[in-house]
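Let's take a friendly walk through a protein model together. Have a look at the sequence and the fold, and then we will visit a few places in turn.

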Amino acid sequence: MSEQIDFSDIAPVDDAHFHENMARMVKEPGLEHAVKYVMPDVDYPEFVNFLKSVKDKEQFQHDVMWPFMEMMAKKTTSGVSISGIDHIDRDKAYTFITNHRDIVLDASFLNICFFRNNYRACEVAIGSNLLIFDWIATLVKLNGCFIVKRDLKRLDALDAAKELSAYIHHDIQDKTRSVWIAQREGRAKDSSDQTQESLLKMLSLAGDTGSVRDNLMQVNLTPVSIAYEYDPNDYLKAREFLLKRRDPSFKKSMRDDLFSMETGLLQFKGRVHFNVGTCINDKLAELPVDIDRTTLLEKACKLVDKSIHLGYKIYAINYIAHDLLRGDRAFEMLYTAKEREAFEAYLEHQLDKVDVPDITPADREFMRKMMYTMYANPLENKIKAQQAALAE
């Protein structure tokens with residue numbers, strides 16, 4: 001049934017229209033500005049000629065985006081790694097559902113891990129709110145992204161959810177193409193990652209049966225944990241917490257979103273690690289036959305969360321932040337005094353960047369504690385998940 005639906009408004013660019021979209025995009029001044037900003041030494045006319053020679057999305061991802069992301073990984077990280085990739089059957093398609101740390105890089109770094117291991121890149125869900133300029137919308141659709149429509153009226157939002165669900169089912173079942181989607185809309189500002197029930201509800205709207213369980217199982221939900229050693233946006237998140245404390249109605253501007261994207265892309269992230277969990281289908285199949293929809297969705301969210309939390313790679317700074325937040329030294333055997341001093345100095349340097357007027361010592365302490373919390377929560381959630389697993 002999904003094959004009869006016109007997905008063109010949300011789907012990646014069809015290869016039959018690849019060249020015309022590319023030719024239009026390279027004429028955009030915004031693209032030229034962005035490319036020269038990220039790659040100041042680029043010969044832009046030569047780069048444009050190269051882009052025009054690319055034949056389809058597959059080649060664009062492999063010959064343009066993969067080398068670019070490897071360059072970004074080399075410049076801004078201490079290495080990007082992956083574990084659990086043996087859980088993936090090359091002949092199957094999956095919905096990789098992950099915690100969300102960086103607007104641009106989460107899926108991009110995951111895809112370079114797939115490329116390195118000779119797996120096909122997955123298609124990527126991206127919110128329409130991030131498509132600030134037309135050339136960005138074209139670029140992401142040329143790069144195998146599909147659009148999640150945001151900020152719609154209630155009736156339109158339901159139609160959009162049905163369309164998105166049908167497209168993901170079409171990807172998995174008809175095209176045998178894996179997809180990436182974040183476990184929630186927007187990033188968890190405090191890094192305490194929880195799956196939005198509405199997301200799994202959306203995934204269950206399409207399918208061959210009326211069963212929520214069967215429809216979820218058809219998309220092969222597979223949790224993936226993402227761990228960035230450092231979050232370049234940590235001080236921007238702390239700033240947002242402060243501004244919301246001062247004014248609960250505060251909302252970020254388009255400029256704020258652009259700056260967050262730029263900061264996350266270009267600034268240092270330390271080590272980055274992905275852990276691929278196992279598909280939750282077997283666990284869904286074990287749930288009682290007569291389970292109601294609401295309970296089933298709650299259980300599915302908990303299965304995803306547990307896998308993500310257990311899969312976190314924990315760095316020394318997570319242990320340090322946990323001790324600093326609690327005012328103890330429970331994990332001091334797992335880091336050195338030098339590492340603790342370096343982390344505290346790093347936080348103060350980040351806090352110095354916050355551009356809010358009239359910051360008081362109390363404001364700064366509030367933001368400092370929020371930053372401790374951001375780095376401590378992955379460890380806190382992993383401990384709780386390990387304790388729950390032992391109790392089962």
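Start with the aromatic side chains: Tyr230, Phe268, Phe343, Tyr346 and Tyr375 are joined by ring pairs into a cluster. Rings of Phe, Tyr and Trp (its six-membered ring) count as a pair if their centres lie within 6.5 Å; planes under 30 degrees apart are called stacked, over 60 edge-to-face, and the rest tilted. By this rule there are 13 aromatic pairs.

Before going on, please note that this is a predicted model, in which local features need pLDDT of at least 70 and side-chain atom pairs count only at pLDDT 80 or more, while totals for chains, interfaces and linings use all residues. Residues are numbered from 1 along each chain as its sequence is written, and side-chain values use heavy atoms, with hydrogens and water left out.

What do we need to describe a pair of aromatic rings? We need the distance of the centres and the angle of the planes. Take Phe96 and Phe114: this pair is tilted, because the ring centres are 5.3 Å apart and the planes stand at 45°. Phe96 belongs to strand S2 (residues 95–98) and Phe114 to helix H5 (residues 105–116), so the pair links distant parts of the chain, 18 residues apart. Helices (H or I, at least four residues) and strands (E, at least two) are DSSP runs, numbered from the N terminus.

Are these two rings, Phe96 and Phe114, buried or exposed? Phe96 is buried, with a relative accessible area of 2%, and Phe114 is buried at 2% as well. Here buried means under 20% relative accessible area, exposed means over 50%, and partly exposed lies in between (1.4 Å probe, protein chains only).

Now return to the cluster. The rings of Tyr230 and Phe268 have centres 6.1 Å apart and planes at 40°, so this pair is tilted. Tyr230 sits in the loop between strand S6 (221–228) and helix H10 (234–246), and Phe268 in the loop between H11 and strand S7 (272–276), so the pair ties together parts that are 38 residues apart in sequence. Tyr230 is buried at 18%, whereas Phe268 is partly exposed at 45%.

Finally, turn to helix H1 (residues 18–25), where Phe18, Asn21, Met22 and Met25 are buried. They lie on the same side of H1, because they cover an arc of only 100° around the axis, taken from the directions from the helix axis to the C-beta atoms. The buried residues of H1 pack against helices H2 (29–38), H3 (44–53), H4 (57–76) and H6 (134–142), where contact means heavy atoms within 4.5 Å.
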